[in-house]
Amino acid sequence: MSAELLALQDVHAYYGNIRALKGVSLTVGRGEIVTLIGGNGAGKTTTLRTVIGLVRALRGTVTFDGRRIDRVPTHRIARLGIAQSPEGRRIFAPMTVLENLELGAFARTDREAIPQDLERVLALFPRLRDRLAQKGGTLSGGEQQMLAMGRALMAKPDMLLLDEPSMGLSPILVETIFDIIRNINQLGTTILLVEQNARMALRVAHRGYVIQTGRIVLQDAAAALLRSDVVRKAYLGEK
Amino acid sequence: MSDFRSVRVIPAALLVTALLGYPFLDRWLQAQTVHAVTDAMIYVLLALGLNIVVGYAGMLDLGYAAFFAIGAYTMGLLNSPVLGSPLYGHVWSFWVVIWIAAAVSAALGVVIGAPTLRVRGDYLAIITLAFGEIIPVAIRNMGDITIDIAGWKPVERLNLTGGENGVNPVGRPHLPFVNFDTDFIPWYFLILVIGAFSLWAMNRMRDSRLGRAWMAIREDETAADCTGVNPVKTKLLAFALGASFSGFAGSFYAAKLQAITPGAFEFNVSIMLLCMVVLGGMGSLKGVILGGMLITLFDRILLSQMTFFIRWVGRSLGIAALASVDLTLWRWFFFGLGLVVIMLIRPEGLMGRRARPPAADVDEGEERLALVAAPPRPRAEALPAWLREAASPGRRPPSGPPVLEVRGLTRSFGGLIAVSDVELVIPAGGIIGLIGPNGAGKTTFFNLVTGLLRPDRGEILLDGASVVGLRPHAIVGRGIARTFQSIRLFQNMSVLDNVLVGEHCRLHASVAGAVFRPPAVMVEEVRARGRATDLLAFVGLDAKAAEMAKNLAYGDQRRLEIARALATEPRLLLLDEPTAGMNPRETDTLTELIGLLRRELGLSVLLIEHHMEVVMGISDRITVLDYGTRIAEGTPVEIRQNAQVIEAYLGKGYEQELVAT
């Protein structure tokens, strides 16, 4: 068992016709929350998609738990214990909220623990409990966001990739969502977090990377990045 | 107009020479392929018509052969000397009937189109499939009609269509000095002329207001509706125009073959036509021509030649199995196999749009990413002059009557009340914030105001006039434009075309205008393009005008959606979480942009937003919804201090408590 759960080494990848990643290297240690911040189009989402295998690395390696996964099919990666959320809110619209959540646990072998985890997810998102019998597609944008995250948690992953979990959520829920992130991390899930809300992300994370036009330009402890002039100007909106 | 394809002179001249010289070369070589090539061109013309419905408007039509039958039978019924129908003895000229056939097909296109308007995808396919089955059956059974009402027979043994035997013979066209009787070359030139004319018309339609509307419907019907495109009219036009070309093809087919039977218009013809479109590339005129030619010529020439060859080999080598082979019986096998292979290698078809535009190289990509990192600040000087002019009549003092007045608005889904008795007033030039917890009914409220949903109760008054019950595109026409929470651009259209669709409801070009391009239409189109370019420059996207919308970075897509909404010349702009997913700098820029639009254009804005620094910063007043009801209304300062709002939404001071749950 290595200390590094996830490692990207010199990863190059295209997104459409854009060379979105130009040699990205980063590591996420077991039990860590690591955040990746950067502008739109900098390559944050492409990085996540490369980990999960939806975008293939042209060069470089992706290792998870000591094992190369850059040529492993996406569904097998998911079974290795990596879950992604919200994936652009890709919920199953014609299925009920409950069915969506149950599908999150599809690949699990510890079936008896599932009801307990469902209860935990519903405690985290009480709004979903009100909507259990409703079709996923009839939820509001923010509720779909919660559902996507709840579904990812139902997989009980070793590693959770979060793509802008606070997007479209009310201020009160943004606070809540970052508490949830801290909470599930303390319960043992390693997290790689991509966020536009860099301030919140850096507050909750242990370490952070700054990505610009497909390259990592800065990496440090999250607290140090919060104090860095570059980050404050470019990503925290301070003048 | 720069975008209208400039014809490269030399290849075009070579092509014309080849097309004109081919039948004579064929005769000289005694290859005898003109007959088959002419037939192939009929199917190409049919495939081109189908392409309007499937490729442009994105509606899967599995019964297109029905229109082919209608075209052919129109010719057969009006131009046959022997049929025992009431039309017997009145033989009309080919040159007249071919136009009638196109008109009849177009009319039936509208008839079949009408019930399919509310359905898409699978359902539409099934309905067209049924229509494709009904027509040949009806033709078969209308050869012998007897109406017997208790012994009284007003109609006895009436033969309308020739039944199973079909119509035979069908009259030929007549032209002085041209021999249509024994020579295939005049037929070849006739279909060449019809085809060239059709292609010219289709090409012009595609690059027009109408063509853009079709593609917008194909890409996202709801977004098109909310951008001012009338989906009903647009889809019916696709059906009617698509069908009219099969009217030409069908009547030509009937006259050339001089006999028609219902068996020639069965389901497999529809499928073959669809194969041609898919194989060549949906939406690509060149591709459809290539696909049609390949499939028919393979069928008509290659399969039979190969059969002869293999039989010859079989006889020479004394292998009985080979000597009696008939490959033409295997045609569907080869079609299927070929289609599977093409779809695996090139799913977009032989000449379809490539999934990735080939032009952009790495350097361009880097530049694009750099631009994304620093969105341009909106400048008042860059605001298009035409937009100012369009806005000036609507610009009234803030004390004047409100732009939008919503009273008692209520809507429920099943037992769930999504919006309950909501009041909202937007004064002229006002920016009103609409906030509330996720699922509070904010987007439903937008959908009610824009006509996507009908309220159960309540009033929606735009400038004092009710818009309740109007379709979304009509409401856009009245002056309400919107953006969507999850961006809904026309993904496979260019950035410029996206904005041009926005102008749709302010343009007037008709079908005839699109094809013949009279000066008024040309002037309008040039002006529309100028306006769209100005708007793109204003939001900082002018350098990407030719890019496909789906290739834009997220922030750029948000700005394009706003540009598209502005192109409809709105008086009221509804923005649904415009800064979601944006970083603080992009958020700042967009906030400035909204403020600028109000300041310079007097535009009123209703804003759903979760970024409090945005809402609190630019809203004059804020309305708060929770569980579909208005729980608060007031200035930003009042809202910030409202205990109920803090508890339900803002959460200040309550975070710790929530963590515990």
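Which residues of H1(A) are buried? They are A:Lys44, A:Thr45, A:Thr46, A:Thr47, A:Leu48, A:Arg49, A:Thr50 and A:Val51. Before going further, please keep in mind that this is a predicted model.

Helix H1 of chain A covers residues 44-52, and because eight of its nine residues are buried, the helix is largely enclosed by the rest of the structure. Just after H1(A) comes A:Gly53, with a positive phi of about 90 degrees.

**A strand with neighbours on either hand**

S7(A) pairs with two strands, S6(A) and S8(A). The table puts these pairings side by side.

| Partner of S7(A) | Residues of partner | Sense | Bridges | Example of facing residues |
|---|---|---|---|---|
| S6(A) | 82-85 | parallel | four | A:Gln84 opposite A:Leu161 |
| S8(A) | 190-194 | parallel | five | A:Ile191, bridge partner of A:Leu160 |

How does the chain feature in this part of the structure, and what do S7(A), H7(A) and S8(A) make? Together with helix H7 of chain A (residues 171-186), the strands S7(A) and S8(A) make a right-handed β-α-β unit.

**Over to chain B**

Now for the other chain in our tour. Chain B has 661 residues, of which 46% count as buried. Its elements include 26 helices and twelve strands. The C-alpha trace of chain B spans about 95 × 75 × 55 Å along its principal axes. Among contacts in chain B with a separation of 6 or more, 74% come from residues 24 or more positions apart.

Helix H6 of chain B (residues 185-206) packs with helix H9 of chain B (residues 231-257) at an angle of about 175 degrees, and their axes are 11 Å apart. H6(B) and H9(B) are therefore roughly antiparallel to each other. On the H6(B) side, the contact is made by B:Trp187, B:Ile191, B:Ile194 and B:Ser198; H9(B) brings B:Phe245, B:Phe248, B:Phe252 and B:Lys256. Six of the residues in this contact are nonpolar, one is polar and one is charged.

Methods:
Residues are numbered from 1 along each chain as its sequence is written. Chains are lettered from A and ligands numbered from 1 in the order in which they are written. This is a predicted model: local features need pLDDT of at least 70, side-chain atom pairs count only at pLDDT 80 or more; totals for chains, interfaces and linings use all residues. Two strands pair if DSSP finds at least two bridges between them. A crossover is right-handed if, with the strands pointing away from the viewer, the path from the first strand over the helix to the second runs clockwise. Axes are lines fitted to C-alpha atoms, for helices over the stretch in contact, and angles run from 0 to 180 degrees between N-to-C directions. Angles under 35 degrees count as roughly parallel, over 145 as roughly antiparallel, 65 to 115 as roughly perpendicular and the rest as oblique. Two residues are in contact if their C-beta atoms, placed from the backbone, lie within 7 Å. Ala, Val, Leu, Ile, Met, Phe, Trp, Tyr, Cys and Pro count as nonpolar, Asp, Glu, Lys and Arg as charged, and the others, Gly among them, as polar. A residue is buried if 20 or more other C-beta atoms lie within 10 Å of its own, exposed if 12 or fewer, and partly exposed in between; C-beta atoms are placed from the backbone.
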